[in-house]
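I opened the model today to go through its chains, sheets and helix contacts. My notes are below, in the order of looking.

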Number of protein chains: 2
Amino acid sequence: MSPSTRDLNPSQRILLGPGPSDVHPRVLRAMATPLVGHLDPDFIQIMQDVKALLKPIFGTNNDLTLAVPGTGTAAMEAAVGNLIEPGDSALACIHGYFGERLAEMAGRYGATVTRLELAWGEVFDVGNIEQALSAGDFKVVTLVHAETSTGALQPDIQEIASACHQAGALLILDCVTSLGGLPVEVDAWGVDVAYSAGQKSLSAPPGLSPITVGDRARHAIEARSAPPAVFYLDLLKLAAYWGENPSYHHTSPISTMYALREALRLAHEEGLSERYARHARNAQRLWDGLTELGIDLFIPESLRVPQLTTPLVPDGVDADEVRHRLLEKYNIEIAGGFGPLAGKIWRIGLMGNSSRAENIELLLSALSHWL
Amino acid sequence: MSPSTRDLNPSQRILLGPGPSDVHPRVLRAMATPLVGHLDPDFIQIMQDVKALLKPIFGTNNDLTLAVPGTGTAAMEAAVGNLIEPGDSALACIHGYFGERLAEMAGRYGATVTRLELAWGEVFDVGNIEQALSAGDFKVVTLVHAETSTGALQPDIQEIASACHQAGALLILDCVTSLGGLPVEVDAWGVDVAYSAGQKSLSAPPGLSPITVGDRARHAIEARSAPPAVFYLDLLKLAAYWGENPSYHHTSPISTMYALREALRLAHEEGLSERYARHARNAQRLWDGLTELGIDLFIPESLRVPQLTTPLVPDGVDADEVRHRLLEKYNIEIAGGFGPLAGKIWRIGLMGNSSRAENIELLLSALSHWL
């Protein structure tokens, strides 16, 4: 019997890495609902539901709020690919891998990219960014809210957005790990484009990724001299499909949309402020427990992302060996660091439905055997 | 109670449009399996299974065979965006909407596009294409195997591929509707890049789209002077993620991968030649029944796609009204024509799990009331 003829039977994991997170049984059941067509009146209503459920989580009234038909990288690409035209100038704020990826994408779409770099794990202050803005004439600034590669939370988004606007630039904010686990206030902060992913703090399966686009950014997209290279992620075409009278653009990932809708309903049933409080409470529990085990944390407490904790690997400990043992012995997934942080940190996610007291207790207990 | 707080409860449809098709219960159950991570050893094995299951369906031994993390348009874009560099010349063979879309994409990626056009519903003969090839120096030729907008099946793919190669061009073949419902022989025909979609004749849910890339095309991608604009669909990065030692590129749509694997297993359990025979048999049944109802078919029998039948709307009949009645009264989805065929044809899909005698009997009986 070849592997591909065996019944599907993946291991039962506890997902405590940087995403995907554990999906609630109600979301799994929703996903198993038989399909309707992508232009069915019932499906159009489901998309409108998703849009309505997403807006308060983004803290926005932006009409151009939808879920891109791909994973978080697709949403990142939708943001960059639609705003950048060849020859534009972009200021890429880089303090980890995903800031780097934003810079790479901007370059691929033809931008002249100015890199504003910090060591991985640090965060920008407004002065850094103001100074960089004053040295050029930028159309777009890219910034990561919660860096999934480091666990650092960028503060002062409102002040940074304001500095961008004073300099005539638009702010793209990566909220892949933050959205759904801590407050994101797109309108109050003045963020021009924010995007996320279903499979992090929202605990939907990967395959649809929320994005919201404000008026300034929308006008910039409408004012392009030519459409973006990327047709699949063309935001004006996506917006037309997500409108009240949809026009065909692509076949939506229907089952994943069912799942995202259910995951968003769960978030609203819990209540957004209670959800954020749960993430914060459970993060504190993990941090305290790790500290008791003698493990230091990479990011200072005031800058930590509650959904993603990055303990420093103690001297003499093999980071990958611990990770493999957790997976093999207890079916717990955590991740390692990469790039300059390879072997130096672990990445422990307490995202969405994975942010549970029992998971923390289990992980701390399992880790205690080897540390 | 706002719409978004209601339990998910879409109508129970019978999907006889141009995709998505009805998904088998086993596939729905597979999709409801709890998730593992996108770099989990179990998931890597699942991806290898999918690759192994796809190859015989594409009729290929290409190592670069995988499923793109998006719907069919994403696979189309992966093909075009990776092969075209700004300034390249492309010959776009257009005999329907999807040929048009390929031309648009090639233009967006900076190609000089020569359009070889036929009326929608016609097919190319090798001479047409040879003549067009001789008038230029083309890097890429784009062609649609089974035009989802017309129901016409392009014959002579092997001869066309050979003409392309003699002219030094690579052939991209759109197999979105054909793959899984009729023989596709990428290696025997000499097709350089072929792609499809999960939700047509394979009856997986939308969200992953098979693609296969031959050596000539792979070398052309490796020889690019700069990487493609589109990062999310960068085929060399996707190939690295689908390799034996995967490197992170994006978070795969895990649940959809479970579903695709199960759909592919079902195809192999049925047997590919029996599956193609079933599609042909059921198509004939539908064609005979429509003829008995006095309905003419748009495409001559020898050129019909068995998975997608396009009846001409009889004089005096409102195409949309019939379509809406079928949906409202019997929960049957069929599609209308669009572009130059709007109001002139219907599009009836008998794809994958939707290709069933009971569906045909029901549809013909329902149609007979109004025609």
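Predicted model: local features only at pLDDT ≥ 70, side-chain atom pairs only at ≥ 80, totals over all residues.

Entry 1: I superposed chain B on chain A. A rotation of 180 degrees does it, with 0.0 Å of shift along the axis and an RMSD of 0.0 Å. I write this down as the relation of a two-fold axis.

**Entry 2: the chain contact.** I asked how many residues each chain puts into the contact. Chain A gives 65 residues and chain B gives 65 residues. I then checked whether the copies use matching surfaces. Of the interface residues of chain B, 100% are also interface residues in chain A, so the copies meet through the same surface.

**Entry 3: the seven-stranded sheet of chain A.** I traced an open sheet of seven strands in chain A, with mixed pairing. The order reads S2-S8-S7-S6-S5-S3-S4. Which strands are at the edges? They are S2 (64–68) and S4 (112–117) of chain A, and each pairs on one side only. From one strand to the next, the twist averages 15 degrees. I looked at one pair inside the order. S7 (residues 193–195) and S8 (residues 209–213) of chain A run in the antiparallel sense and share three bridges. Within this pair, I found Val193(A) opposite Val213(A) of S8(A).

Next I followed the packing on this sheet. H4 (residues 97–108) of chain A touches S3 (89–94), S4, S5 (140–144) and S6 (170–174) of chain A. The direction of H4(A) makes about 165 degrees with that of S3(A).

**Entry 4: H3 and H4 of chain A.** I took H4(A) again, now against H3 (residues 72–83) of chain A. Their axes are 9 Å apart, and the packing angle is about 45 degrees. That makes H3(A) oblique to H4(A). The crossing of H3(A) past H4(A) is right-handed. From H3(A), I listed Met76(A), Glu77(A) and Val80(A). They meet Arg101(A), Leu102(A), Met105(A) and Ala106(A) of H4(A). This contact has five nonpolar residues, two charged and no polar.

**Entry 5: H11 and H13 of chain B.** I moved to H11 (residues 272–292) and H13 (residues 357–368) of chain B. Their axes come within 10 Å and cross at roughly 10 degrees. H11(B) and H13(B) are therefore roughly parallel to each other. H11(B) passes H13(B) in a right-handed crossing. H11(B) brings Asn282(B), Arg285(B), Leu286(B) and Gly289(B) to the contact. H13(B) brings Ala357(B), Ile360(B) and Leu364(B). I classed the residues of this contact as four nonpolar, two polar and one charged.

**Entry 6: the three-stranded sheet of chain B.** I ended on an open antiparallel sheet in chain B, with three strands in the order S9-S12-S11. S9 (308–309) and S11 (335–336) of chain B have a single partner strand each, so one side of each is left without a neighbour in the sheet. S9(B) pairs with S12 (residues 346–349) of chain B over two bridges, in the antiparallel sense. In S12(B), I found Ile348(B) as the bridge partner of Thr309(B).

Terms used:
Residues numbered from 1 in each chain as written. Chains lettered and ligands numbered in written order. Least-squares fit on C-alpha atoms with pLDDT ≥ 70 in both. Contact = placed C-beta atoms within 7 Å. Pairing = 2+ DSSP bridges. Helix = DSSP H or I, 4+ residues; strand = E, 2+ residues; numbered from the N terminus. Axes fitted to C-alpha atoms, helices over the stretch in contact; angles between N-to-C directions. Parallel < 35°, antiparallel > 145°, perpendicular 65-115°, else oblique. Left-handed = near helix turned anticlockwise from the far one by under 90°. Nonpolar A, V, L, I, M, F, W, Y, C, P; charged D, E, K, R; others polar.
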